[in-house]
Amino acid sequence: MKTRFVALALTLAFVSSAFAQSNRTHVLSSENTSLVVTTNDGGTAYYQYFGPKIQDSDIKGFFGVKSNYTGNTLPAFGIHSAGEKALAVEMPDGNMSVDLGMESVERTRDAQGEVLVLTFKDKVKDYPLTVKQYFKNYEGTDVFSTWTEMTNAGRKGEMTLLTFASAAVPLTREDNWVTQFHGGWGSESYMSEECLPNGQVVLSDKAGLRNAFGSNAGFMVSIGGKATENRGEVFGGNLMWSGNYKTRIVATNNGLTVFSGINEETSTYHLAAGETFRTPEFVMAYSTEGKGGVSRAFHRWARKYALHAGDKLRDILLNSWEGVYFKVNQEVMDQMMGDIASLGGELFVMDDGWFGDKYPRDNDHTSLGDWMVAKGKLPQGIKGLTDAARKHGIKFGIWIEPEMANTKSELYENHPDWVLHQDNRPITTGRGGTQVVLDLCNPKVQDFVFGITDNLLSENPEIAYIKWDCNADIMNYGSPYLPKNRQSEIYIRYHMGLRNVLERIRAKYPDVVIQVCASGGGRVTYGLLPWFDEFWTSDNTDAYQRLFIQWSDSHFYPAIAQASHVSASPNHQTGRVVPLKFRFDVAMTGRLGMELQPKNMTDEEKAFAKRAVAAYKQIRPVVQLGDQYRLLSPYDRGAAAAVMYVNPEKTRAAVFAYRIDYLHGQQLLKLKLDGIDENRNYRIKDLTPQDETRPCNLNGQLVSGRILKQAGLNLSGALGRPWTSVCLELTAE
Ligand code: DGJ
């Protein structure tokens, strides 16, 4: 791929000089996509193209073409002040204009791919602002990214960044549809798709810490009509930032531009002389294979670059939360470990409730910050637990919420100044009436948070997994650490501090599996996943509602990262009663786990769970590392929902289908298996029959890929009334 790229670049340099002296065209290409930027010496840079891969012979057509695609790569405020901007800066003398001129263009590489760097300087020497704009292709994937770096290159005087988007990408304005994801606790990531009107669609977050609750930063825009899962042109974008973000999709009759970056509202950022600010990466993909094409591009990229250890299979675990909540003790943990081991599980995670000395954590009112074992509950300490895990032949994991404190904690008593607050106002508290947020802008607090993890892992090297929770938004906006003229930077500096901590943890503990959790799915974000192996999808473990949430999350986030647990019935959040098989068939589409008290299961349920765990192990590589095809959407409110995974060679697939509604006479659609190879034949195996001796009618059949893709799989014999489901393994013969 590299050779081809270089060849194209060289030819383009030649073509470019033949066509125009001052314009230069720069192409970044992946296997299937090209990004073309034109630069003008002393002037500006323009996007010319982002779409299906182009050849060098195609390039001449771009010159001088003022299509509705073309757009300035970095629209700045002050000379032309009208319209939306990506950059606005207040200069040391109070002047609020920026007028950038192109200084140089460099093509380089970093550890992940090819990078194009445009360097601009303000045309007025008295305004020593340097801006570098980056465009990158992540090698071996169809994901591109862009970001900027602003430097105050002066010797004195502070500049203030007022607007600092990572990206301003133009798209073709033609019957565009926007897909976006919104929700709240227990109903994260609900998908909606609307025709884009003229004006603006704004996706924004201001929660401070849990930036995926209200809305997810991932979105798609289709071009030239509503896209389907497999057909149509679709642009997908996402922001690699864990704090407040803002994406503006700005449309008029003849243009469409996507601006995305940190939400600068109440977040002006100061650049002292010599300081540089780097915006987070905006990641984007383009596909002519519909929304599924964009999703698969993001999944492959995530597993390779944006998810910690994205190529390593995840363990099957039992988490203690819904099983015992805060009622943690040595005996119960031991019993749960024994049970999950006997079901074939590989890891046990002790959730909340295990810590606090002066204030043992019996509920959510106390103890955050006091990360020592509650001796009354766990007299043998964590060692007692890792010993028990070893005895049962499984691994051990533990829950922490290290960015937080309770006002009822030894930490708060000793360090009230480590908590975000305002000196002259009473402190407002969150969960449990006492929860407060640590000031991660403060390097000492960063050391403390790093130390929580470091102490646990260095004192207990057998801890294999950490669940890192975060159950608050930013309250009491005020950092005792930052000076008064930097208070507007809390929303940003908090996350720089958090990154610093995570970098240190990963440098020392690359092999520990860490889950990011924020009251459920509040942190499903590429702003954090590079340091985490997976995310907790939602505190709502109801299998039916999970079909919706998981379907949405799958638009940008791969199955391997999606923690999906089988919980008790009736479900604790919705009260819904669904069979254990259905619950397993749903949870098996992500990283399978359980979250219940196994002691309360019947022998028959345990026997089924054991078979389902074994079945998951069989298809785990296909689900966790394969390509996902969304087949029937639960959002269509039809009779069924379905999804499939296939390995890259298309020799093995796993198909999951669920009956979710039943009206007499309602037709079950034939399930067209989009991901299958038409030129192969596949043997079907029912992997999770309720009764081992009576698999579904499809079991054992040999079916041609062409039939599966074009005519579809007839599920009417396999799916009956609501809450029936199948998990089928397809093997090429
Ligand atoms: C919120 C998480 O989402 C839950 O899974 C659980 O860990 C609780 N916190 C524990 O307090």
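Student: Where does P570 lie?

Tutor: P570 sits in the loop between β29 and α10. Helices (H or I, at least four residues) and strands (E, at least two) are DSSP runs, numbered from the N terminus. The model is predicted, with local features needing pLDDT of at least 70 and side-chain atom pairs pLDDT 80 or more, while totals for chains, interfaces and linings use all residues. Residues are numbered from 1 along each chain as its sequence is written, and side-chain values use heavy atoms, leaving out hydrogens and water.

Student: Which peptide bond is cis?

Tutor: The bond from S569 to P570 is cis, and its omega is near 0°. Another backbone feature is found at T266, which has a positive phi of about 50° although it is not a glycine. T266 belongs to the loop between β17 (255-262) and β18 (269-271).

Student: How do I read a barrel, and in what order do the eight strands close here?

Tutor: Strands of a sheet pair through backbone hydrogen bonds, either parallel or antiparallel. Two strands count as paired if DSSP finds at least two bridges between them. Here the eight strands close in the order β21-β22-β23-β26-β27-β28-β29-β30, with parallel pairing. From one strand to the next, the twist averages 30°. Angles run from 0 to 180 degrees between N-to-C directions, with axes fitted to C-alpha atoms, for helices over the stretch in contact.

Student: How many bridges join β22 to β23?

Tutor: Four bridges join β22 (residues 347-350) to β23 (residues 395-400), and the two run parallel. L347 has K395 as its bridge partner in β23.

Student: Which strands does helix α4 lie across?

Tutor: Contact means heavy atoms within 4.5 Å. Helix α4 (residues 330-342) lies across β21 (317-319), β22, β23 and β30 (591-595), at about 155° to β22. Helix α9 (residues 543-553) lies across β28 (534-536) and β29 (562-567), at about 170° to β29.

Student: What lies 2.7 Å from an oxygen atom of the ligand?

Tutor: That is a polar side-chain atom of K467. A polar side-chain atom of W399 is 3.1 Å from a ligand oxygen atom. For D539, a side-chain N or O atom is 2.5 Å from an oxygen atom of the ligand. On its own the ligand has 300 Å² of accessible area, and the protein covers 99% of that area. Such areas come from the Shrake-Rupley method with a 1.4 Å probe; for residues, only the protein chains shown count as cover.

Student: Which strands stand at the edges of the open sheet?

Tutor: Its six strands follow the order β31-β32-β33-β36-β34-β35, paired antiparallel. β31 (627-632) and β35 (702-704) stand at the edges; each has a single partner strand, so one side of each lacks a neighbour in the sheet. The twist averages 25° from one strand to the next.

Terms used. Polar contact = N/O pair within 3.5 Å; in protein donor to acceptor, adjacent residues only side chain to side chain.
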